[in-house]
Amino acid sequence: VKAVRAPAQKLEIGRLFVFRSDPPPGEALRPMAPRMLAISGLAALYAASASPEQLAGCAAGPDETHVSMLQIAPATGPLGSSSAEGIELLQALAASDPRTPPGGGDDLDMSLLLEDHRSTCHTVFLTTVFGSRPDPQGKIHKPPTFDYIDRYYRSILAIPGGRAQAVVLYDTLPLDVIRNYSTGDGTVQFVNVDISGMDEKLGLNDLRYQVFEEQVKKHPEWDTIFMTDASDVIALHNPCVLVDKQPDKIFVGSQPQKMKPYTYIQMKFGELGGKYFDWYMAQPDGKLQLLNAGIIGGRRAKVLDALARMNKVLLDPELAIRRNGSEVKVNMPAFNYVFHAEFGDDKIVTGAPLHSKFWEYEARADVYFKHK
């Protein structure tokens with residue numbers, strides 16, 4: 001196995017391969033002995049035709065950590081294929097490790113892995129990389145490189161069972177990045193977008209919702225769609241499985257904090273001003289969860305509805321910050337207003353198992369996305 005980004009690489013019969021998808025500098029990707037090694041970072045374990053008895057001996061020791069992702073690839077098929085034998089092997093591994101509790105934590109959640117391989121649904125992942133304007137996380141203009149999306153890219157290719165397509169929307173990227181990292185099977189595509197004619201007052205994290213809406217409208221074949229940050233979100237499982245269970249909901253990110261009281265969020269709602277600020281101030285303290293704009297997805301109709309609502313707020317000519325001539329960077333309060341006030345909490349899904357706890361860098365595989 002050369003690398004996680006080689007989707008057609010076949011596996012040797014009768015061996016388990018464990019390798020890091022983010023090895024330390026100078027450390028080559030290499031096959032390991034048939035056991036679950038203690039490793040850090042995003043990892044993938046690929047099994048060919050090992051017996052249940054062999055798998056039973058693969059549990060990590062008490063002082064070791066499980067790998068973050070498990071995927072079955074039959075020796076006669078491409079990486080990411082599912083098979084009845086593969087599902088049986090997953091079940092055998094789940095049964096062999098009595099330490100795996102419901103809820104996962106650091107342990108592999110076999111129920112999600114089994115769903116990954118049993119389901120037939122498909123997800124389109126959208127993200128943006130813009131280089132013609134200053135980076136949204138700082139004031140310094142940083143030309144984009146592949147490093148910005150490296151972990152995101154690898155995570156898409158490593159989704160168990162496949163059936164995932166990522167579309168990276170960019171305005172400027174080095175040509176070698178596009179040539180080297182576009183996949184022949186369409187799993188990862190780079191699509192150039194022109195943002196030169198869009199409102200120059202909009203920050204990039206606000207402008208992206210117009211780009212997302214335009215792209216989704218161009219592709220009526222896209223059914224389940226998730227839009228995420230590129231630099232701090234990785235996919236661990238295929239979220240279409242979760243969406244299939246609640247197709248009438250919209251799926252969004254969130255943070256541990258409550259939306260109110262929160263001095264920073266109150267300030268950002270002040271930048272929206274008007275009815276938005278009035279709504280925020282009318283909310284009781286300690287009730288509503290602070291939602292995070294780094295993850296949003298669901299069925300096509302729900303996604304288009306959400307994007308239209310977001311853009312209506314962000315382009316509102318009466319925004320306080322727009323009227324005073326400042327740069328518009330208000331996607332966070334707009335996001336919370338749209339989903340709490342307009343959709344309502346009974347229509348949104350957030351937290352586990354959709355995503356990990358924001359900014360806690362949890363080592364877990366029982367969620368669909370890891371957000372910092």
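Me: Buried means under 20% relative accessible area, exposed over 50%, and partly exposed in between (1.4 Å probe, protein chains only). Is Lys 260 buried or exposed?

Reply: This is a predicted model, in which local features need pLDDT of at least 70, side-chain atom pairs count only at pLDDT 80 or more, and totals for chains, interfaces and linings use all residues. Residues are numbered from 1 along each chain as its sequence is written, and side-chain values use heavy atoms, with hydrogens and water left out. Lys 260 has 12% relative accessibility and therefore counts as buried.

Me: With which residue does Lys 260 form a salt bridge?

Reply: A salt bridge is a side-chain nitrogen of Lys or Arg within 4 Å of a carboxyl oxygen of Asp or Glu. The partner of Lys 260 is Asp 285, with the closest N and O atoms 2.9 Å apart. Asp 285, at 52% relative accessibility, counts as exposed.

Me: How many salt bridges are there by this rule?

Reply: The count comes to 16 salt bridges. Among them, Arg 322 pairs with Asp 199, the closest N and O atoms being 2.6 Å apart. Asp 199 is partly exposed, at 25% relative accessibility. Asp 223, Asp 244 and Arg 299 are linked in a network of salt bridges.

Me: Which residues does a disulfide join?

Reply: A disulfide is a pair of cysteine sulfur atoms within 2.5 Å. By this rule there is one disulfide. Cys 121 is joined to Cys 240, at 2.0 Å from S to S. The link of Cys 121 and Cys 240 is right-handed, with 70° about the S-S bond. Both Cys 121 and Cys 240 are buried.
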